Amino acid sequence: MVMDFYRALVDMRRAALQSTDDQALYDEVCRIAVVSGHALMAWIGVARGDRVVPVAWAGSARQYTQGLQISLDRQLEAHQVFGPTAFAIAHGKPYVCNDFSTDERTQPWREHAARFGVGASVAYPIRRGGQTVGALNLYFRTAGSCDGALLELLEMMAADLDYALEHIDHQVARAKAEAASKEHEMRLANIIHVALEAIIILDSKFKIIVFNRSAVQMFGVPVEEAIGQHLDQFIPANHRALHRRHVTEFAATGKTARQMGNIRRVEALRSDGTVFPIEASISRVGDGQRAFMTVMIRDVSKLREAEMAHMARATAEAANREKTKFLSRISHEIRTPLNAIMGFAQLIQLDKDDPATPVQMVRLGHILKAGQHLCRLIEETLDVARIELGRIPIELVDIELGQLMDEVLNMCEIQAAQAGVHIDAAYRSSKDVSMRADPSRLRQVLLNLVSNAIKYNRRGGWVRLEVEECSEAVTITVRDNGIGMTSAQLAGLFDPFNRLGREASDIQGSGLGLVLARQLVELMEGELVIRSEAAIGTIASVKLPRWGQDGHSEF
């Protein structure tokens, strides 16, 4: 028997070194005990809660353990004796039963064991991670078989089983650690690969070993060309010496992180020779030959452009505000002497005691006409200034659009008659439209559009006013078949004081009317669109929301 278990021990140690799975190891231990050690039967039970569950068998052990109920409840141990298996697991010590028919712990199973020819048995605790997790049960045909030499071999076999389980646990833990490490590396690689910032990793010799997708896009260099190169190739030539000194000093200081620059002074170089601004930071991991440095780079070209644009816009807005304030002051200063000039001209015209000559009356008419034109120019200039300063009031109220348009036509009748232009009130053929708008500002806009359609027309021409409504908006259209405008003139239509080349004609104008009209329409949450063709005519459309916001606001 002892010689048989020497052979079994050798086989056991081979199995302990080769096993990678709990179940396979348990099965092999039971098989070796029966085949090599010539035990009658063998089985392994593991503790699950307060029960012992058989998991591996050899010989007749499967039939033997079928239906066995082995409890590990320590409270029951005070009332009944634990069997060999429960004792070994509960107390962590082997239990040797050299005479199964008389041992006090075998009483519940004696009759059952006799049918299988059991004379002796031994139960060895199985330990894992310092804890008893089960028991190895070996059965022999002859009572008294478990002598000192055999027990010593069995003790070594049990120890080898414990070692094998530890080995399996180490293998599993290492496999999990390797898998976790690989998963971490894959996640890290994926994060680096998809990062929006360029990420470049350098080895201890400052050569590139990682060059992510954003770096490829930023510098225009394929990964395979970047790997193994120095970072210097992405720095402008006039900054390379200083940059290399900074990186070398950083690597030598032992610091783990450092900001390498800011938007105002750090520049980089693309493969096409383009120099662009960047923000960069560098961090270090490891020491000596195992040191790695990670450089993170952000292209701030658009940020710099946005800042410059913001500064330019702020400067322009400040200048515009100063210009507007200046125009407002000048306009007020001009109005006082202008009113005096026009007043004296009117007094001369009305003087019955010392009447002016016909020639003087004509000249006085020119003075008054020029003065009136200058007054309109001042008023329009002030309106534009008020809008730019946010001081023009807009008051939306319920209006009947047809009535307001009738008022506009009445004001333009004399001008149209003098110009020989027919006005077609096409809007009167449809039902009247109710809406919300600022009546004085809308009247001002329409007067400007109708007046322009008359002024820039021809004798025998026509001007048509139309209205189109839907549930949410109203469109007022002023059409004419006048002289129209070229595409070049349309491009400068809303430039202040731009008369579109007609300043030398006898048609009066300031070049501010349409500018002011569009601003007023936009303040009423609408849109002014002008379409025109030279020698064919012009279409001006004012589209306003049918129901504007309630109340009074100042812009």
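At what angle do helix α2 (residues 22–35) and helix α6 (residues 148–194) pack, and how far apart are their axes? Select both helices in this predicted model. The angle between α2 and α6 is about 165°, and their axes are 11 Å apart. Angles over 145 degrees count as roughly antiparallel, and α2 and α6 are therefore roughly antiparallel to each other. Where α2 passes α6, the crossing is right-handed. To see the contact, show the side chains of D22, L25, Y26, V29 and I32 on α2, then M157, L161, A164, L165 and I168 on α6. Sorted by class, the residues of this contact are nine nonpolar, no polar and one charged.

**Next stop: α12 and α13**

Select helix α12 (residues 401–419) together with helix α13 (residues 439–455). Their axes come within 9 Å and cross at roughly 30°. Angles under 35 degrees count as roughly parallel, so α12 and α13 are roughly parallel to each other. This crossing of α12 and α13 is right-handed. On the α12 side, pick L401, L404, M405, E407, V408, M411, C412, Q415, A416 and A419. They meet P439, L442, R443, L446, L447, V450, S451, I454 and K455 of α13. The contact of α12 with α13 has 14 nonpolar, two polar and three charged residues.

**From α13 to α15**

The crossing of α13 and α15 is left-handed. From α13, the contact takes in R441, Q444, V445, N448, L449 and N452. From α15, show G513, L514, L516, A517, L520 and V521. In the contact of α13 with α15, seven residues are nonpolar, four are polar and one is charged.

**The cavities**

Now hide the helices and turn to the space inside. How many cavities of 30 Å³ or more does the structure hold? There are three cavities of that volume.

The largest cavity holds about 140 Å³ of space. Select W43, Y64, P84, T85 and Y139, which lie nearest its centre among the 16 lining residues. To place the lining of the largest cavity in the fold, colour α4 (84–91), β4 (120–128) and β5 (131–140), each of which supplies at least two of its residues. The lining of the largest cavity is made up of 12 nonpolar residues, four polar and no charged.

For the second largest cavity, with a volume of about 70 Å³, select L202, F206, H230, L231, D232, H243, R244 and V247. Which helix gives the largest share of this lining? Helix α9 (residues 240–253) does, with three residues of the lining of the second largest cavity. By class, the lining of the second largest cavity has four nonpolar, two polar and two charged residues.

**Last stop: D203**

Centre the view on D203, in the loop between β6 (198–202) and β7 (208–211). Draw a distance from the C-alpha atom of D203 to that of G288: the separation is 10.0 Å, although the two residues are 85 residues apart along the chain. Then show I209, A291, F292 and M293, with which D203 is in contact once its neighbours within four places in sequence are left aside.

How values were computed:
Residues are numbered from 1 along each chain as its sequence is written. This is a predicted model: local features need pLDDT of at least 70, side-chain atom pairs count only at pLDDT 80 or more; totals for chains, interfaces and linings use all residues. Side-chain values use heavy atoms; hydrogens and water are left out. On a 1 Å grid over the protein atoms alone, a cavity is a set of points where a 1.4 Å probe fits but cannot get out, and a pocket is an open set with protein on both sides within 12 Å along at least five of seven lines; lining residues have an atom within 4 Å of a point. Grid points are joined across faces, edges and corners, and a volume is the space filled by probe spheres set on the points. Helices (H or I, at least four residues) and strands (E, at least two) are DSSP runs, numbered from the N terminus. Ala, Val, Leu, Ile, Met, Phe, Trp, Tyr, Cys and Pro count as nonpolar, Asp, Glu, Lys and Arg as charged, and the others, Gly among them, as polar. Axes are lines fitted to C-alpha atoms, for helices over the stretch in contact, and angles run from 0 to 180 degrees between N-to-C directions. Angles under 35 degrees count as roughly parallel, over 145 as roughly antiparallel, 65 to 115 as roughly perpendicular and the rest as oblique. A crossing is left-handed if the near helix is turned anticlockwise from the far one by less than a right angle, and right-handed if clockwise. Contact means heavy atoms within 4.5 Å.
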